[in-house]
Structure formats: structure tokens, C-alpha cells
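Reader: Hi! Could you walk me through this model before I set anything up?
Author: Happy to, let's look at it together.

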Amino acid sequence: VQLQAYGGGLVQAGGSLRLSCADSRRTFSNNAVGWFRRAPGKEREFVAAISWNGGITKYADYAKGRFTISRDRAKNTVYLQMNSLKVEDTAVYYCAVGLRPVPQDDGYIHWGQGTLVTVSS
């Protein structure tokens, strides 16, 4: 597994971004994928996760109603659509592969390099 998260950038509060997580070796199609983030000066925290077939999704409370995780198995890519972004969503966002879509980061085996999301007021 070789993960790459991309799609981050600078956006104004209230705006949207879509992050993508791709596996260049095309091996994570049978695994759960999670998104996590680390804001400046804070611990890494769970954002959302999706099961191998997309049938199960989980979200952190702050992400419910604003973020949507999805996957395209044919493209070997997992997405995180983020709407109504807030300044406090500013963070480096990481994707990770695991067996189940759980909110604990120790449930994930492979981690990609993060992508920076900056939300301005």
C-alpha cells in the first residue's frame, strides 16, 4: 500500500474542498480507509472512515452533516467532501488503511502523507 492524500488548499470559511486518497499500488480496495487530521498544536483526531465496500461510514461528531466520505473502488480512491468549512477545520489531513472503519488511529496500518487544509476567516 502506498497512500497519497491530496486536494488540500486555502479556502474561505463556509467554502468546500474535496480531499482524495489514492493508493498508487492499487491494493487497498479490500480495506477500510479512515481520515484523520492534526491541527496546529493539537493531537491527531479522527474525522471519518469507510468500510471496504462503502457500506459502513463513521464520522466524528464535528464532521456529521458537513463532511462526506465515499469511495470509488474502480478508481482505487477514497474521497472526503468537506462543506461549510470552519476556521477550526484548519489542519493537516491524513488518510490511512485498516481492517475496519474505526475511529481509533491504532486501528490503521498504513498511513499516507498528509495534505494541508487552511480555512481563512
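**Salt bridges and other links**

Author: Asp105 is partly exposed, with 30% relative accessible area (buried is under 20%, exposed over 50%, partly exposed in between, with a 1.4 Å probe and protein chains only). Keep in mind that this is a predicted model, where local features need pLDDT of at least 70 and side-chain atom pairs count only at pLDDT 80 or more, while totals for chains, interfaces and linings use all residues. Residues are numbered from 1 along each chain as its sequence is written, and side-chain values use heavy atoms, with hydrogens and water left out.

Reader: Thanks! Which residue forms a salt bridge with Asp105?
Author: Arg44 does, with the closest N and O atoms 3.1 Å apart. A salt bridge here is a side-chain nitrogen of Lys or Arg within 4 Å of a carboxyl oxygen of Asp or Glu. The two residues are 61 apart in the chain: Asp105 sits in the loop between β9 and β10 (108–111), and Arg44 in strand β5 (residues 44–50). Strands are DSSP runs of E, at least two residues long, numbered from the N terminus. Arg44 is partly exposed too, at 29% relative accessibility.

Reader: How many salt bridges does the count come to?
Author: Five. One of them joins the side chains of Arg37 and Glu45, at 2.7 Å from N to O.

Reader: And is Arg37 buried or exposed?
Author: Buried, with a relative accessible area of 6%. Glu45 is partly exposed at 31%.

Reader: What about Asp89, which residue does it form a salt bridge with?
Author: With Arg66, the closest N and O atoms being 2.7 Å apart. Asp89 lies in the loop between β8 (77–82) and β9, and Arg66 in the loop between β6 (57–59) and β7, so the pair ties together parts 23 residues apart in sequence. Both Asp89 and Arg66 are buried. Arg37, Glu45, Arg66 and Asp89 are linked in a salt-bridge network.

Reader: Nice. Switching topic: which cysteines form a disulfide?
Author: Cys21 and Cys95, with sulfur atoms 2.1 Å apart; the cut-off for a disulfide is within 2.5 Å. Cys21 is in strand β3 (residues 17–23) and Cys95 in strand β9 (residues 91–98), 74 residues apart. The link is right-handed, with 75° about the S-S bond, and both cysteines are buried.

Reader: Last one: what is the strand order in the open sheet of four strands?
Author: β1-β3-β8-β7, with antiparallel pairing, where two strands pair if DSSP finds at least two bridges between them. β1 (3–6) and β7 (67–72) stand at the edges, each with a single partner strand, so one side of each has no neighbour in the sheet.
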